[in-house]
Amino acid sequence: MNKTKIEYVDYTWNPVTGCLHDCKYCYARRIANRFKGWTDSDGSPHTDTIFKNQPRELSEPLYKAVEDKVGKWPKAPYPYGFKPTFYKYRLDEPKKLKKPSRILVVSMGDLFGGFIPDEWINQILEVVKECSQHTFLFLTKNPNRYYSFKFPNNAWVGASAVNRSDEKVIQMGKGFIVTNAHTIADTMSFFDRSFLSIEPLLNDVSQDIDISFIDWVIVGAQTGPGAIKPKEEWIQNLVDMAREYKVPIFLKDNLNWSEKIQEYPSFNKEKDR
């Protein structure tokens, strides 16, 4: 578990990493592939011949073979790159955090992608239930899968909306980037605590979404090489929509918006709509 620069949470928790969506704008894939692999004790690169394309499970860390400056063996952060991996030894990390915190679950992957086994998700949700002092935020491009699980009261479920022309996202069942403006309401009104993350904002999605049943909206810009800068009207349209429905909206700093708008919902308040 790590302190994070993501403005709207305190920590990120990655008991699972990896994703098979293959989004071109994905920052997490760039990071994971940059630090992938590990080495055997003799310093030679380890060859992954066992798992191939199967999801991976690790009960203990894998390490790099080269000692760091203080004589420790550094852990390999993403030994399998961006392929789905379950780090079972990370499950208890939130239990060690005493101060109540907001925790983003699996910032380096998509926990509810169709390629993640149910048992991984259930084990994570059990920890969330045990850590009632914290607020856990989940985010996915595949929100329909939320229906298959029972979420504790300290969990918020989120859906990722990016680009109205992103055909790969459109094809994901009742995803959030679709031409039917009622899709978000249909999908998320079932949940008491839901939010929408529009990051990176790559187009004007305001005409394609319905936030009337959403409890919170987060908007951010693309970062990294070749980043697309959002147009002012795209951002303004989302702000206007949030004001219309009285939904808190959080504009990330990377939007460079003229006014600092970083609103939060009442995380512990029962839904009143």
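User: Why is L251 called buried?

Analyst: In this predicted model, L251 has a relative accessibility of 3%. Buried means under 20%, so L251 counts as buried.

User: Where does L251 lie, and which residues does L251 touch?

Analyst: L251 is in strand β11. Leaving aside residues up to four places away in sequence, L251 touches V219, I235, V239, W257, I261 and Q262. For Q262, the separation from L251 is 11 residues in sequence, while the C-alpha atoms are 5.6 Å apart in space.

User: What makes β11 an edge strand?

Analyst: Strand β11 (249-251) pairs on one side only, and β1 (2-3) is the other edge strand. The sheet is open and has 8 strands, in the order β1-β2-β6-β7-β8-β9-β10-β11, with mixed pairing.

User: How do you know that β9 and β10 are paired?

Analyst: Strand β9 (residues 194-198) and strand β10 (residues 217-219) are joined by 3 bridges. A pair needs at least two bridges, so β9 and β10 count as paired. The two strands run parallel, and I198 stands opposite V219 in β10.

User: Which helix packs on the sheet at β9, β10 and β11?

Analyst: That is helix α5 (residues 232-245), whose direction makes about 155 degrees with that of β11. Another helix, α2 (residues 118-130), lies across β2 (11-13), β6 (102-105), β7 (135-140) and β8 (155-161). Helix α2 runs at about 155 degrees to β7.

User: Why is the pair of Y87 and Y89 called edge-to-face?

Analyst: The count of aromatic pairs comes to 18. For Y87 and Y89, the ring centres are 6.1 Å apart and the planes stand at 90 degrees. The limits are centres within 6.5 Å and, for edge-to-face, planes over 60 degrees apart, so the pair is edge-to-face.

User: Are Y87 and Y89 buried or partly exposed?

Analyst: Y87 has a relative accessible area of 0% and is buried.

User: What makes F112 and F149 a link between parts of the chain?

Analyst: F112 is in the loop between β6 and α2, and F149 is in the loop between β7 and β8, so their pair ties together parts 37 residues apart in sequence. The pair is edge-to-face, with 5.8 Å from centre to centre and 75 degrees between the planes. F112 and F149 are both buried.

User: How do you know that the charged end of R90 sits over the ring of Y87?

Analyst: The charged end of R90 is 3.7 Å from the centre of the Y87 ring. The distance limit is 6 Å, and the charge must also lie within 35 degrees of the ring normal. R90 is listed as sitting over this ring. The charged end of R56 likewise sits over the ring of Y80, 4.8 Å from its centre.

User: Which residues touch the most other members of the largest nonpolar core?

Analyst: They are W13, L111, F138 and F151, in a core of 40 residues. The largest share of this core, 6 residues, comes from α2. A second, separate core has 24 residues, including L196, I211, A221 and I249.

Technical notes:
Residues are numbered from 1 along each chain as its sequence is written. This is a predicted model: local features need pLDDT of at least 70, side-chain atom pairs count only at pLDDT 80 or more; totals for chains, interfaces and linings use all residues. Side-chain values use heavy atoms; hydrogens and water are left out. Helices (H or I, at least four residues) and strands (E, at least two) are DSSP runs, numbered from the N terminus. Contact means heavy atoms within 4.5 Å. Axes are lines fitted to C-alpha atoms, for helices over the stretch in contact, and angles run from 0 to 180 degrees between N-to-C directions. Rings of Phe, Tyr and Trp (its six-membered ring) pair if their centres lie within 6.5 Å; planes under 30 degrees apart count as stacked, over 60 as edge-to-face and the rest as tilted. Buried means under 20% relative accessible area, exposed over 50%, partly exposed in between (1.4 Å probe, protein chains only). A nonpolar core is a set of buried Ala, Val, Leu, Ile, Met, Phe, Trp, Tyr and Cys residues joined through side-chain atoms within 4.5 Å.
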